[in-house]
Structure formats: C-alpha cells, structure tokens
Amino acid sequence: MNIYDTIVQVIVFWLGAAIGSFLNVVVYRVPARLSVIWPPSRCPKCLHQLGMGENIPILGWLLLRGKCRHCHTPISPRYPLIEAITAIMFVLVYNRYGLSIQTVGYSLLMCWLLALTLIDLDTMTLPNPLTQSGLILGLAFQFTAGYLDTNHSIVGSREYLIQGILAMVLGIWIYDTILILGSIMVGQSAQGGGDAKLMAMVGAWTSWKVVLLSGGLASALALVGFVAVAGYSTVRNGGIKAGANKLIQPLPLGPFIALGATISLFGGDLLIDNYLQFMRSPDRFLFAIPLLIMLVALLFWTRKMRLRAS
C-alpha cells in the first residue's frame, strides 16, 4: 500500500463517519415522521443545538465523554458506533471496488441497508420513504454505471437498467418464497410488506446473482435466528409445556436481508465458486443427509410449539 492509497482511505473513512452521523439522524427521525434536515442536531432532552466541536463524528462523543455538555444527559454509545461502522464499510467498499462508480453506488447501498436494519430492529418496520427511494436510486445507479462502464453508451445503460429491473422482480419472487416457507414453519404470516420492498431494492442496485445469494443467506441466517429466539423462549418459559403461548417471538427479517446482501457483495463470487466445487464432490451427500434430518426435526418442533400455543 502506497501513501496515495493511505490518504484516500483516510478520506474515505472520515467521509463515511460523517455520513454515519447523518444516518443516526435518519434512523431516529424517519420512523417518527420528522424532517431529517431541520432542526439541526440537538440534545433530545434540553434541545441544545450541537456546536461544531460537539458534532465531530466519533471524536465528538469521546470529547463529551458520552454526555450532553449542558444538561449532562448520557448520550448512547450507539451514535459513535454507527459512525464507525459506516466509516469501516466505506473503506471496505473502496478496497473492493477502487475508485469507480461501483464504489459510490455500493457505499450508498450500504447506507440504506444500515439505516433500514436499525429502524427494523427498533420499530419492526421498514419505512416506505427509505425502501422506495432506495429502489429508485438503485435503478438510477444501474443506468449511470451502464453508461460509464460501456464508454458512454446508451445501449449499455439500457442493458444495466434491464438487469436491475429483472433482479428487482426476482427479489420479490424470492421474498414470496421465504414468506411461504416461513409461514409454514410458524403457522402465521412470517413477514411484513416492507421486506418485499427491501428485497426488490437490493435487486435494483445489484444483479440476479447477488439477489439469489442474498435471499438464500437471509433465509439461512433467519432460520438460525428463529431457532435461537425460540430456544431461548423455551428455556425462559420453563420448557414447551409451560408458557408455550410465548414461544413465538417477533423476528425482523430486514437485518438478515441486509446482512445477506452485504455478504453477497463482498464475498459472493467466492461463496458461489466454493458451492459449485462442493456440489461436484461426493462429500455433498454426507452433508445433505444430516441437513435434511435437521430441517425435518426443526419443522416438527416448530409445529409442536405452534399446536401447544394455539
């Protein structure tokens, strides 16, 4: 790594941290239907408007020692954490795609995914203003990337745009598949309507391969999350016989979709290559049989919990 790359990475890091600071505002205000522009950042208790020194990403929280300078109300460490996560994501995207339109586009996609993940965790909702604006911006990115990648050709823009639209439709189909499988397992509607829009949004930014892999990873991660939550609830309520009506806990799917899309963007090619290599080997049968037994046992377990809870 030369000095030029180091300087660029430092700039990208602090740019990401600054945008992460804005994402904190988005995550707080969008679900509350407040403007993300006005008023400027301020303490939620004493309403003191933050000054330049207090608003420095990451460092501002450290300088204030995690408290408001005026009313001394504790400031959640989540704020600098989100700023740091956004900054790291920006650097990772830059290292993966270099100085290109893909770096700009996928950095924006990471912002949308992070904001929607946090909102879904906080409120169990995926606001339409974010999913719809992300979808439109994703198609605009496809058009622009196609124009630049094909030496300023409108034909290239059209091909990239069609790719985004097809991947968007595929994302909705994958969501419907996850919805059906999840509903069979828990005996009720497994997700909300915002998840379909999130899958479509991921498709608008990427390609059918990324969407397909994202859907598979999201399903696997959500299954692990469901088993963990259901198992915890079982132990907490004294087993299946006691308090069975409390076993099925709400579990947002948005964070799993976002995580699956992130993994697909950074390591999708490697995962697909390893998967194809594994499927050509005879060891696949040794893995498939116990996996099938585990899935069948899980299906009967969830059905048993559902019957006891009804």
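1. Is Arg78 buried, partly exposed or exposed? In this predicted model, Arg78 is partly exposed, because its relative accessible area is 29% and the buried class ends at under 20%.

2. Arg78 has a charged partner. Asp122 forms a salt bridge with Arg78, and the closest N and O atoms are 2.8 Å apart. Asp122 sits in helix H4 and Arg78 in helix H3, so the pair ties together parts that lie 44 residues apart in sequence. Asp122 is also partly exposed, as its relative accessible area is 44%. The count of salt bridges comes to one. Side chains of opposite charge can pair when their charged atoms come close.

3. Apart from neighbours within four places in sequence, Leu113 is in contact with Leu198, Met201, Val202, Ala258, Ala261 and Thr262.

4. Helix H7 (residues 193-205) is mostly covered, with 11 of its 13 residues buried.

5. Ser157 is a polar residue worth a look. Ser157 belongs to helix H6, which spans residues 154-186. With a relative accessible area of 0%, Ser157 is buried. The Ser157 side chain reaches the backbone nitrogen of Tyr147 at 3.1 Å. Leaving out residues up to four places away in sequence, Ser157 touches Gln142, Phe143, Gly146 and Tyr147.

6. The surface also carries nonpolar side chains. Val10, Trp14, Ile56, Leu59, Leu62 and Leu63 form a nonpolar patch there, and together they have about 550 Å² of accessible area. Helix H1 (3-29) and helix H2 (59-63) each supply at least two residues of the patch. The largest share, three residues, comes from H2.

7. Val10 is one of the patch residues and is located in helix H1. Its relative accessibility is 46%, so Val10 counts as partly exposed. In soluble globular proteins, nonpolar side chains tend to be buried together.

Technical notes: Residues are numbered from 1 along each chain as its sequence is written. This is a predicted model: local features need pLDDT of at least 70, side-chain atom pairs count only at pLDDT 80 or more; totals for chains, interfaces and linings use all residues. Side-chain values use heavy atoms; hydrogens and water are left out. Patches are made of residues with over 30% relative accessible area and no salt bridge: like charges are joined within 9 Å, nonpolar side chains (Val, Leu, Ile, Met, Phe, Trp, Tyr) within 5 Å. Accessible areas come from the Shrake-Rupley method with a 1.4 Å probe; for residues, only the protein chains shown count as cover. A salt bridge is a side-chain nitrogen of Lys or Arg within 4 Å of a carboxyl oxygen of Asp or Glu. Helices (H or I, at least four residues) and strands (E, at least two) are DSSP runs, numbered from the N terminus. Buried means under 20% relative accessible area, exposed over 50%, partly exposed in between (1.4 Å probe, protein chains only). A polar contact is a pair of N or O atoms within 3.5 Å; within protein, one must be able to donate a hydrogen and the other to accept it, and residues adjacent in sequence count only if both atoms are side-chain atoms. Contact means heavy atoms within 4.5 Å.
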